[in-house]
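This report walks through one protein chain, going from the whole fold to single residues. Please keep the sequence and the 3D view open while reading.

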Amino acid sequence: MSEARDGRPLKVAVLGGGPGGLYAAALLKRLDPAREITVWERNAPDDTFGFGVVLSDETLGGIEHADPVVYRALQAEFVRWDDIDIVHNGRTLTSGGHGFAALGRRRLLAVLQERCRSLGVRTVFRTEAPPAAELARDHDLVIAADGVHSATRTAHAEVFRPRLTTHRCRYIWLSADFALDAFRFEIADAGHGTAQLHGYPYARPQPGAATTEPAGGASTVIVEMREEVWRAAGLDTYEERASAEWCAALFAGALGGRPLRSNNSSWTAFRTVVNERWSHGRIVLLGDAAHTAHFSIGSGTKLAVEDALALAACLQEHPTVPDALTAYETERRPVVASTQRAARASLAWFEDLATYTGQPPHQFAFNLLTRSRRVTHGNLRLRDREFVDAVTKEAGIPTGTPPMFTPFRLRGLTLRNRVVVSPMDMYSADGEGTPGDFHLVHLGARALGGAGLVMTEMVCVSPEGRITPACTGLYTRGHETAWRRITDFVHTSAPGTAIGVQLGHSGRKGSTRRMWDGIDQPLPDGNWPLVAPSALPYRPGVNQIPHALTTAELTSVREQFARSAAAAARAGFDLLELHCAHGYLLSGFLSPLTNQRTDAYGGSLAGRLRFPLEVFDAVREQWPDDRPMTVRISATDWADGGTTVEDAVAMAGAFAEHGADAIDVSTGQVVPDERPDFGRSYQTPFADRIRNSLGIPVIAVGAISSWDDVNSLVLAGRADLCALARPHLYDPHWTLHAAADQGYTGPGAPWPPPYQAGSRTPPTGRTDAPKPRLTLH
């Protein structure tokens, strides 16, 4: 257990009397009554922003284990419900089995304040706390639970290094004096765009009871809309009461004509808070001071309470405060990061709500329910099978067919399912760029594994366009013959599987070693000159400075792509993808971070698109008209000043206008100092945005790791095809095994005849033991 340096019990100051700060104080005092703990809160005890608080069963379990007294007090107050109602275009769809628990925020604070008093925690209300640095002089630990506008975080910004992101919607937190029947999402036309209501009950009807809440119960009602919709409606000029009345009128049906009440409520833009560090000497951040997550996944109080639990446990388990604070951050940071990824996906969905409102009713509801990627097709099917069956029926999917095993057509090519083996550089060609037995086995095995489409690695259009000497090419007759051997095998031995080629040029990222010998590192010898849109090295001081292509040289490169496309057609490929992503040559033209040209091929987005579109047109001219062509783009550079999602939508639209049949939406790898927001399915929101903004087919990529993810993305209408890389390295028969796991035996995933005997999971032990028939007492 952590103690002061001289062995005495800890002296602790807590800045902020919200749920996180109070609960941390109560836990620390309960674990060691000798600790001297003071909570500072500038507001009165019953002052609070918002109305209801939602806590998960997981969080409640942690509270029950840590402090049964608090748990029992909360348990008596909770309103529980299972259903979510989604109201759109006058139609209400209900999904059950979700399990929520909520209570009034004032009541939560009262329970925690009483617990602190009973344990001997000193609470100081209506008083500004001294600065954290001042308190740290005579306290062993200062817990800064001072909220999203944390003065402590601001005062020590050079240490915590916060990143604050303000988002594109305005919202207002209100309350209704009755209990809704379920968690309710309702969409309405605000006159100048779309508005949404998020509502849930937090107090039961208690006629005649002495309670701080209305006798008829109470519900939180949050109204949210895009900033431009809010301004166009004139809400930026409304006072608090007028705003509540406007919202009540807009959602009069949901409220039964009842009014909405406010509590110092104002229209606010949500801010995501991320800190590089959570502690500074004896000072530690907790709750919203350390991190925020959008209210649409109901996580703010939950995260703060879980922070308090973890901090108290770490102080109990480690001998010194510094050790405990390190352990606390190590434990909580990945959990918080995962929650923030889910919250960002959810808030982005609501920011882009207008792009989904044209979806069929059940698909729209399914899309909303799965927006954060935490609820999936499989998960939702367990909760409410009837609801998911209604979604699939509306989509025309045959009974018993998982969405991933429905066919999809691109020009004259029909893919039997929605699974794509993503392009993966293998760095296994001979020194002349010729694919060999390795590529035959690698691509052939994955074709036999059931995917609808198998893609090659980036196949280079010239010797100097290779990434490494071990990259494949398609610029000699020998290359064409070698690739024909592979496509013939796929078409003969895995009939029904399509094989596609990805054509590209390495640009400034060429002349490097194989990935496992030193990714992006120059060759020890034998380097070749590099070309790029501008004379900017990939890593200054490491990679060579490329030559900026002249207009005449652009013509030569364009002709190289066209020749390779003609060769790819002769080699028997079913689909061609133009690689305009990941910082390679064509991607280098698209990003403002890598294209600093001042001629017609630089400057504005239209200028930066000019050469990639010229290459696309030249390739399309050589590629057979009945065979589809796709384009892979990096939808964001994950770096300041780089490609934005709005740019990506414009790029995708431009390629579609020139005849692209689908856009393969990847991200990043354009500049070395990128900061990707890694996580499960982390790139799919970009594909979603392009598909639902433009109505063009997209291929989603980016840590899609399970067949459940594929089913979810396809059924929600976020993607048409899903490309998976690492899962296919782990299991070449990933698609067939996905079918077996789901009990699917239809035409979307036929097992090759030689493999039919392996279409069931082999038994791992005896399963026929006799069941017990009688128990004697």
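## The chain as a whole

Helices (H or I, at least four residues) and strands (E, at least two) are here DSSP runs, numbered from the N terminus. Counted in this way, the secondary structure of the protein chain comes to 26 helices and 29 strands. The radius of gyration, taken over C-alpha atoms, is compared with a globule rule of 2.2 Å times the number of residues to the power 0.38. For the protein chain the radius of gyration is 29 Å, close to the 28 Å that the rule gives for 777 residues, so the chain is as compact as a globular protein of that length. The C-alpha trace spans about 85 × 70 × 65 Å along its principal axes.

The model is a predicted one, in which local features need pLDDT of at least 70 and side-chain atom pairs count only at pLDDT 80 or more, while totals for chains, interfaces and linings use all residues. Residues are numbered from 1 along each chain as its sequence is written, and side-chain values use heavy atoms, with hydrogens and water left out.

## Burial, contacts and charge

A residue is called buried under 20% relative accessible area, exposed over 50%, and partly exposed in between (1.4 Å probe, protein chains only). Buried residues make up 58% of the 777 residues in the protein chain. Contact means heavy atoms within 4.5 Å, and of the contacts in the protein chain with a separation of 6 or more, 73% come from residues 24 or more positions apart.

Accessible areas come from the Shrake-Rupley method with a 1.4 Å probe, and for residues only the protein chains shown count as cover. The protein chain exposes about 31,300 Å², and carbon and sulfur atoms supply 51% of this area. For charge, Lys and Arg count as positive and Asp and Glu as negative, whereas His and the chain ends are not counted; the place of a charge is taken as NZ of Lys, CZ of Arg, CG of Asp or CD of Glu. The protein chain has 78 positive and 86 negative side chains, and the centres of the two sets lie 3 Å apart.

## The annotated domain

An unreviewed UniProt entry places the feature "domain: NADH:flavin oxidoreductase/NADH oxidase N-terminal" at residues 404-739. UniProt positions are given in the numbering used here, feature names are shortened, and annotations may be inferred rather than shown by experiment. In the model, residues 404-739 are 36% helix and 15% strand, and the end C-alpha atoms of this stretch are 9 Å apart.

## Threonine 370 and arginine 718

Threonine 370 lies in the loop between helix H13 (361-369) and helix H14 (377-383), and with 1% relative accessibility it counts as buried. Leaving out residues up to four places away in sequence, threonine 370 touches Val375, Thr376, Leu380, Ala716 and Arg718. Arginine 718 is found in another loop, between helix H24 (707-715) and strand S29 (721-724), and at 6% relative accessibility arginine 718 counts as buried.

Which residues does arginine 718 touch, not counting those up to four places away in sequence? Among them are Asn367, Thr370, Arg371, Asp688 and Leu713. Arginine 718 and tyrosine 356 are 362 residues apart in sequence, yet their C-alpha atoms are 9.6 Å apart in space.

## Serine 666 and histidine 582

Serine 666 lies in strand S27 (residues 662-666) and is buried, with a relative accessible area of 3%. Not counting residues up to four places away in sequence, serine 666 touches several residues, including His582, Arg632, Gln683 and Val701. Histidine 582 belongs to the loop between strand S25 (575-580) and helix H20 (585-590), and is buried, with a relative accessible area of 8%. The phi of histidine 582 is positive, about 65°, although this residue is not a glycine.

## Residues with more exposure

Is asparagine 264 buried or exposed? Asparagine 264 is exposed, with a relative accessible area of 65%, and sits in the loop between strand S14 (260-261) and strand S15 (268-275). Its phi is near 55°, a positive value in a residue other than glycine.

Proline 162 is in strand S10 (residues 162-176) and, at 27% relative accessibility, counts as partly exposed. Arginine 107, in helix H4 (residues 105-119), is partly exposed as well, with a relative accessible area of 33%.
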